[in-house]
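Reader: I'm new to this one. Could you walk me slowly through the sheet and how the chains come together around that part?

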Amino acid sequence: MSDGDVLAVAEHRRGDLRPVSFELIAAGRDLAEDLGGDLHVAVIGGDVDGLAERLNRAGVEAIHTVPEGEEFNHDVYAAATTALFESLEPSVLLLPNSVNGLDYAPAVATRLSTPLVSDAVGLTVEDDLVVTREMYGSKVETTVEVAADPVALTIRGGEWPAAEEPGDAEITPFEVDVGDLRSTVRGFEEVGAGDVDISEAEFIVSVGRGIEEEENLELVEELADALDATLAASRPIVDNGWLPKNRQVGQSGKVVTPKVYLALGISGAVQHVAGMKGADTIIAVNTDPDAPIFDIADYGVVDDLFEVVPELIERFE
Amino acid sequence: MKVLVTVKEVAEVADDFEIEGLSVPETFLEYDLNEWDDYAVEAAVRIAEEREEDVEVVAVTVGPERSEETIRMALAKGVDRAVRVWDDALAAAELVDPTATARVIAAVAEAEDPDLVLSGVQAADDGFGATGVALAEHLDYGWAAVVNDLELDGDEAAVRRELEGGVEELTTVPLPAVLTIQTGINEPRYASLRGIRQAQRKELDVRTLGDLGLDPAVLDGDLTLAGMKKPESESDATLFEGSPEETAADLETVLRDAGVGAE
């Protein structure tokens, strides 16, 4: 029977653990404590022994290593996670809400017939487990009570502090027959190389959906010229093909750390913020006073960018 | 060849909205085809246009009668016919676990027996991001999540998966498969007037859970929506107010202090 244990599965790519792995440990440790169980961590594929050493943080009871494959393959991860789950019988399976997490968490939950609550930004234990999530593009926060045990959860990156103190977990290999693999990972490719490296820029003028039409980009280009700044964009602009991929700021684009980040018509979706929150000074111009970009901005103007930008160009020309 | 594309009508809240109890009242909601699904529809229609063999594209949705407007949009863009699943049990369900939604769609997929299923990565409203992969598992198909490039080669799909940090993974998956489609994979077309007229004549089947051989109990979940609120603003931004001339002057001061425009 389930006894409050938590099983968290680490994520790594090309030899490095991804930061969310240590956030999973932090979230899992609190959860296991509240549920009265232990935190187990699994690491699948690659140099599992080396990775396990690095995952050995305070509060981790045991680390299970599955030396299958080098890089992430969802067939391996789904089979190994399911087998580990069946062997350990934890109350909670904790996975990252990353691109790869979303590539196997729903399959595992389906195999195990557990409910799945994805993209958690908060976890508390009352009578039941209560998961905090967001809806409608972060405009609404919901709480979901989970009556089930066990349950599968994926947690959003950047919401929990990374676990740092070293621990003394027992590291044990776990053998699993992963069976036939259907999908084959053929390799990786860096994208977004080009004439400009926005991650090196000192001043960035960045534009989002608020620009409305491709023709209007000219106005923002003019401002970037006047400020001697580098032009960047949020995802929708790149999706529309208005600017090349090397200009995209965010989780799937580039992480930038300029002195000044001027966000024009950018609402501030969590994926975008992940790429620019390290800027020294963040300035936002947006018509919606409740846009999440204002939560992280240092300075803001709630107004139409088409009114403010021409005035600003005039002042710098 | 048959391509099944899953579509969802999603709600978007207005800039100014209120919450009453556990929902946002209808007056503050606008409905539209889920953005990710729009790219999936485009990918499906392009497959039909580009291949020499006959390709049938079928859209499936779980949604109330209102959502037919959204489905007609997919039909207007080139989808051949559509299936909408709805009944009292679905209408009464407050929160359906994505693996349960996938179970319902899987029943349609089993009847259709497609070679390829395309699904948006996530829905813009509840953002679970899980239905496509759960569907693949229910169907015992291969899958790939967060696909931003797709080529079909014989009985295999060669895809690019968009990972974090500007890295793409190149993966092959044998068909039949479910692919969850990321925005930016293509440029979704606008529905033409001719397409919109034709869509009115296309077949749109409505099925209940019973029609699909499903017991309403498949929706019985362990998840309960317990609270809904606007997130507390964490903003400590200095907001400049006034005319555009005034706010631009304030922004100029901040920018110059930070070194912008210095020679």
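Author: Happy to. Two strands count as paired if DSSP finds at least two bridges between them, and strands (E, at least two residues) and helices (H or I, at least four) are DSSP runs numbered from the N terminus. This is a predicted model: local features need pLDDT of at least 70, side-chain atom pairs count only at pLDDT 80 or more, and totals for chains, interfaces and linings use all residues. Residues are numbered from 1 along each chain as its sequence is written, chains are lettered from A in the order in which they are written, and side-chain values use heavy atoms, leaving out hydrogens and water.

Now the sheet itself. It's open, with 6 strands in the order β15(A)-β14(A)-β16(A)-β17(A)-β18(A)-β13(B), paired in parallel. At the edges sit β15 (230-233) of chain A and β13 (238-240) of chain B, each pairing on one side only.

Look at where the chains join: 3 bridges link β18 (residues 299-302) of chain A to β13(B). Here Y299(A) stands opposite T238(B), and V301(A) stands opposite F240(B).

Helix α7 (residues 244-257) of chain B packs on the sheet, touching β16, β17 (281-286) and β18 of chain A as well as β13 of chain B; contact means heavy atoms within 4.5 Å.

Zooming out, 86 residues of chain B are in contact with 82 of chain A. On chain B's side, α7(B) gives the most, with 10 residues.

Note on methods. Axes fitted to C-alpha atoms, helices over the stretch in contact; angles between N-to-C directions.
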